[in-house]
Amino acid sequence: MKSVILDYSFQNLSKKNPVHRDIKKTDALLLKKCANHVNELAISIAQVFDNKSGIITIISDDGEYVTSNKLRLLSKEHNIPMTVAGTIINVAANIDHWKTIIEEGNIELVNHSYNHYRMDDDWKYASDEDRYIHEIIHAEIFLRNQLGINDKVFVCPENAINNLGYKVITDGGIVAVRRGERGVNSLSPTDGTTPGDWFNLKCYGIMDQPKYLKTRKEMRAQWLKSSIGNWLIEMWHNVDVDGYQSISYREAQNHLDEILNFANSNNLWISKFTDAVKYLRTKENTVIYSWKEEHKYYVALICKFEGLELTQEMTINCLLEGVQLTYNILPNKLYCIENRRIVKVDNNYSGNEV
Ligand SMILES: [Zn+2]
């Protein structure tokens with residue numbers, strides 16, 4: 001049965017996306033308050049959330065309907081967050097289903113293009129910018145308008161994109177792209193398009209062919225090991241549905257058990273793709289302000305990076321009065337530490353001007 005798919009994308013379209021800034025006018029007071037206190041307490045941001053030693057992310061490509069229900073179960077059973085890179089043709093056909101999944105919160109949905117074309121130089125429309133805008137930007141507008149997804153990240157269909165695609169990606173303010181090169185990423189990717197850079201993040205395919213006579217189990221165990229001190233992205237496709245790199249439900253369960261065991265014994269952060277991007281991008285683009293006023297300590301992480309909603313807490317470490325302290329705080333908020341307890345100060349903060 002072929003379902004009718006509405007095309008929402010050409011409504012109210014402007015070529016450039018609106019720019020999101022997390023610093024609002026109402027935050028002016030906060031900025032003014034911070035301005036004279038660049039990190040007087042020598043507070044540092046942990047390399048990974050919760051002082052973990054590396055990151056593991058699971059991305060299931062395409063947003064196939066049956067698979068998404070299996071992922072829901074798997075993610076609940078194992079209490080593991082996951083990311084689905086969905087094409088709009090798949091998502092639009094089951095929009096209420098996706099609204100439910102997003103509301104549940106375990107699984108996030110990210111942009112995997114409108115129609116899943118292989119957008120390399122061999123594509124029939126490889127030099128037609130409007131086609132790329134439709135595939136990449138209109139897909140993003142769909143996700144924003146229909147599902148409230150505001151984070152600008154992209155997963156390339158067929159692991160490919162050409163220079164024109166990259167132009168559309170950067171013009172559109174997208175801040176992280178997973179392609180399909182094999183390997184792990186560092187915890188501080190650079191802004192470029194070579195494998196491991198922000199616009200070409202690497203992954204391993206769940207059904208990749210093992211080399212050197214290894215079993216798949218050994219191969220996966222080896223890439224889990226490589227996540228220590230790095231950011232590992234596993235690329236999944238369908239679960240219990242035939243197709244490229246499909247796995248059975250049982251195999252998925254077994255591998256998730258292995259991930260959990262490994263992450264627990266090696267202190268790794270299992271994170272949605274966008275949360276990992278948020279953590280690492282915020283860390284790179286934050287100015288730390290901290291100071292002491294009478295017996296209270298103040299700290300704010302000011303990040304003006306655009307393209308992401310800064311909803312991911314950041315882990316800070318500090319040595320106050322000889323005691324090592326760790327807190328998780330949101331960017332662009334002012335916090336006050338008193339008697340080792342940290343509280344968020346509202347934007348009407350009106351403490352002593354210094
Ligand atoms: Zn795909």
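**Strands, a helix and confidence in a predicted model**

User: Which residue in S13 stands opposite Met 314?
Analyst: This is a predicted model, in which local features need pLDDT of at least 70 and side-chain atom pairs count only at pLDDT 80 or more, while totals for chains, interfaces and linings use all residues. Residues are numbered from 1 along each chain as its sequence is written. Strands (E, at least two residues) and helices (H or I, at least four) are DSSP runs numbered from the N terminus. The residue in S13 that stands opposite Met 314 is Ile 329.

User: Over how many bridges do S12 and S13 pair?
Analyst: Two strands pair if DSSP finds at least two bridges between them. Strand S12 comprises residues 314–320, and its pairing with S13 is antiparallel. The number of bridges between S12 and S13 is 7.

User: Which are the edge strands of the open sheet of 3 strands?
Analyst: The order of this sheet is S1-S12-S13, with antiparallel pairing. An edge strand here pairs on one side only. The edge strands are therefore S1 (44–45) and S13 (323–329).

User: What is the average twist from one strand to the next in the open sheet of 4 strands?
Analyst: This antiparallel sheet has the order S10-S11-S14-S15. Its edge strands are S10 (286–293) and S15 (341–345). Angles run from 0 to 180 degrees between N-to-C directions, with axes fitted to C-alpha atoms. From one strand to the next, the twist averages 25°.

User: Is Asp 50 buried or exposed?
Analyst: Asp 50 lies in the loop between S1 and strand S2 (55–62), and its phi is positive, near 60°. A residue is buried if 20 or more other C-beta atoms, placed from the backbone, lie within 10 Å of its own, exposed if 12 or fewer, and partly exposed in between. Because Asp 50 has 12 C-beta neighbours inside 10 Å, it counts as exposed.

User: Is Asp 62 buried or exposed?
Analyst: Asp 62 is found in strand S2. Its phi is positive, near 100°, although it is a residue other than glycine. With 22 C-beta neighbours inside 10 Å, Asp 62 counts as buried.

User: How far apart are the end C-alpha atoms of helix H8?
Analyst: The expected span of a helix is 1.5 Å times one less than its number of residues. H8 (residues 249–266) has 18 residues, so it should span 26 Å. In agreement with this, the distance between its end C-alpha atoms is 26 Å.

User: Within what arc do the buried residues of H8 fall?
Analyst: The buried residues are Ala 252, His 255, Ile 259 and Ala 263. On the other side of H8, exposed residues include Arg 250 and Asp 257. The arc is that of the directions from the helix axis to the C-beta atoms. The buried residues line one face of the helix because, seen down the axis of H8, they fall within an arc of 75°.

User: What is the mean pLDDT of the chain?
Analyst: pLDDT is the predictor's confidence in each residue, from 0 to 100. In this chain, 90% of the residues reach 70 or more, but over residues 348–354 the pLDDT is below 50. The mean pLDDT of the chain is 89.

Methods
Contact = placed C-beta atoms within 7 Å.
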